[in-house]
Amino acid sequence: MQSDSDAVAVVALACNYPGGCGDPDSLWQFLSEGRSALGPVPSDRWARDLDAPRRDKGRSGGFLGAPFPHSFDAPFFDISPAEALALDPQQRLLLETGWRALEGAGIAIEPMAGRPIGVFVALSTGDYQNARLWQPGAADSFTATGVSPAAAAGRLSYSFGFDGPSMSVDTACSSSLVAIHLARQAIRNGECEAALVAGVNALLVPNLFDCLETMNLLSPDGVCRAFDAGANGYVRAEGCGAIVLKPLGAALGDGNEILALIRGSAVNQDGRTGGLTAPSGAAQQKVIAKALASAGLTPGEIDYVEAHGTGTPLGDAIELNALAESYAKDRDAATPLLIGSVKTNIGHLEAGAGMAGVIKTILALRHGMIPGHPRLEKPTPHLAWELVAMRAPTEPTAWPATDHPRRAGVSSFGFSGTNGHVILEQAPVFEPADRQVPGAVVLPISARTPAALEESAAALAAWLEAAPRDLIDVAFTLGVGRTPFPHRRVVVGSDAAELARLLRGEPTADETDWEKDPALKRLAELGAIWASGGDVDWARLYGPAGGRLVAMPGHPFHPQRYWIDAPVIMAEPVRPATPKPDALPVKPDDWRALVADHARAVLGEVHAEPLDPHLPLTDQGFTSLLGLELRRALEVALGRQLPASLLYDYPTLDRMAAFLAGARATTPRRVPVPRPEPVEDKDFDFLDTLSPTELADLIEREIDR
């Protein structure tokens, strides 16, 4: 078996799946209850497309609820409204879900730090660009990066300041497992210290539905019946899932909670088969064998397989027989291989499907419970079930008790012929070191805005009261594993109830008691330093006490609508009127209004709420490129050249307006530089008397000198 030193640990999970499964806890409850998220196309999904009523009829899928896909918290990610409008909702989901995963992993974001963290993204559809952005007049300077699959991974690396390997993977339905395989290899090869891996899909237009229906791949009644005799096709779904991977030793050293281990992985191809999209049972057996070999395990050491299980009669039959041959051939009937497919609950997320299966399996490993496989009324006759030690439990089933750790395989097969298989193992059991209960802890919280700070404080208070919490872990996570934002608040208390009251601003004990307790007073002083914008080494305070990074409420998102309805013809951008030179502002407020109008126009939100005149424009959606565009707009308006570093020398509306008001020259943008008047210098008149040879000798002597 592979040694622990070679193991790759999963240290965080995040997801946004149909059925209201916006986090791993809600997903687990959903799966445990055997529920289904499959339903009709939302009425507003593509209602404005031509012939929508006919194209929607009878269609089903696993769809996310509002505010997806129309809305997104662009300011949180320093994205301007104009850029957000061009941003594929898949990239929006990746940013939000990726952020949640990084919070869970305790990775504080410092965009300019350049940490060697890899990003591996699985996606394969392009609904937004194909049917919405590629309309006459719709493309702009943000379209290329907004819809590029390559930019989807690059945007995560850019936004979070990671300089490890960054790539988008498209092998159709096996993309997520291929991305995990590549991330595992990169970590083991030392190419990155950690990896963010995500799989995403979005159903924004009916085009691909039309294509898949002509191929008879979709279930006509919108029900996924994987492994059932009545299986009649798959049901499309959308959503996003993400995990964070680290070497096991590094994860333990960093204080991460280990959620599971990736023991093995493998990728292969069907090669030449009966057709490009026809699955190969032989290739599936080979990829499973390679994954087991990379893990150093035998088939009998795997208890459960999260199957590809799409619900297509041919695909299910081939996969079931490959699983039986790979895992159940020599198995004892008393300990059959258990199988299931999350697609029966939330649908088939295509490029994101393997990630959904991995997250479900990690949750099952942690809970020691395998969710029931719904809609299995009569097992498919294409497998001799009575002769094979393999079954799909229809009710929640305790993980089989064995003499080895819980282990599972996860399969994904792309219609391109690329196959992936991953071997997961339950997290090792580590006994926490004995530590004294602290007399008090200091909890530092921060947010991008005052409203978000209040919301974060309320969410943390509710979380502290919901269940027993280790306060050292809570303090360590907030101090070491969270990104410090400008709006800050600190509370100091000795128990969860007191801290919750302080977070909600409720009255507590008399603070004069702090003077009697030097340790408490010192915590309060450290908190005050941090709250005022200073740096505090929280790891030094809580690391020696055995602090661990734990999952807890994260920074709230405040989505706003950014959407291009189709069909669409984009009008020319609305620009503020250019003032005449003799009508330039005089009063400071008028200068500020002029700059604000142009800034909002550049951002693409002429009618939006006013910009904060005191907050840096880079904190309100401006990038360096938008800064150049604002400078050009102001040059046209004012009729003069402005410094190239305008945005960075004068970062706020107030400072920029003050600069412009203090230099109100109205000369044209390009002023001819006058030549200096010729100056008579009689000292050089002698040159006119020299012969060409004498002049050449003089020049040569001067050069030598």
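Figure 1. L630 is buried, its relative accessible area being 0%, in a model that is predicted rather than experimental. The residue belongs to helix α21, which spans residues 624-638. Leaving aside residues up to four places away in sequence, L630 touches V595, H598, A599, V602, L617, F622 and M656.

Figure 2. Helix α3 comprises residues 81-85 and includes E83. E83 counts as buried because its relative accessibility, 12%, is under the 20% limit. Beyond residues up to four places away in sequence, the side of the view away from the local chain shows E83 touching F142, T145 and R155.

Figure 3. Helix α4 covers residues 89-105, a run of 17 residues. From its first C-alpha to its last the helix reaches 24 Å, close to the 24 Å expected at 1.5 Å a residue. Of the 17 residues in α4, 16 are buried, and the helix is thus described as mostly covered. At the start of α4, a side-chain oxygen of D88 comes to within 2.9 Å of the backbone nitrogen of Q90. The residue that follows the helix is G106, with a positive phi near 70°.

Figure 4. F120 has V197 of β7 as its bridge partner.

**Figure 5. Strand β17 and its partner β18.** Strand β17 consists of residues 441-447, and seven of its seven residues are buried. Burial extends to both faces of β17: V441, L443, I445 and A447 are buried on one side, and V442, P444 and S446 on the other. Seven bridges join β17 to β18 (residues 487-493), and the two strands run antiparallel. V441 has G493 of β18 as its bridge partner. Strands of a sheet pair through backbone hydrogen bonds, either parallel or antiparallel.

Figure 6. The protein chain contains 24 helices and 19 strands. Of its 705 residues, 53% are buried. Among contacts between residues at least 6 apart in sequence, 78% join residues at least 24 apart. The mean pLDDT of the chain is 87, and 84% of the residues reach 70 or more. Over residues 566-574 the pLDDT is below 50, and the model gives this stretch 16 contacts beyond near neighbours in sequence. Residues 664-681 likewise stay under 50 in pLDDT, and have 19 contacts beyond four places in sequence. Where pLDDT is low, the predicted coordinates should not be read in detail.

Notes
Residues numbered from 1 in each chain as written. Predicted model: local features only at pLDDT ≥ 70, side-chain atom pairs only at ≥ 80, totals over all residues. Heavy atoms only, no water. Helix = DSSP H or I, 4+ residues; strand = E, 2+ residues; numbered from the N terminus. Buried < 20%, exposed > 50% of the residue type's maximum accessible area, 1.4 Å probe, protein only. Contact = heavy atoms within 4.5 Å. Pairing = 2+ DSSP bridges. pLDDT = per-residue confidence, 0-100. Expected span 1.5 Å × (residues − 1). Polar contact = N/O pair within 3.5 Å; in protein donor to acceptor, adjacent residues only side chain to side chain.
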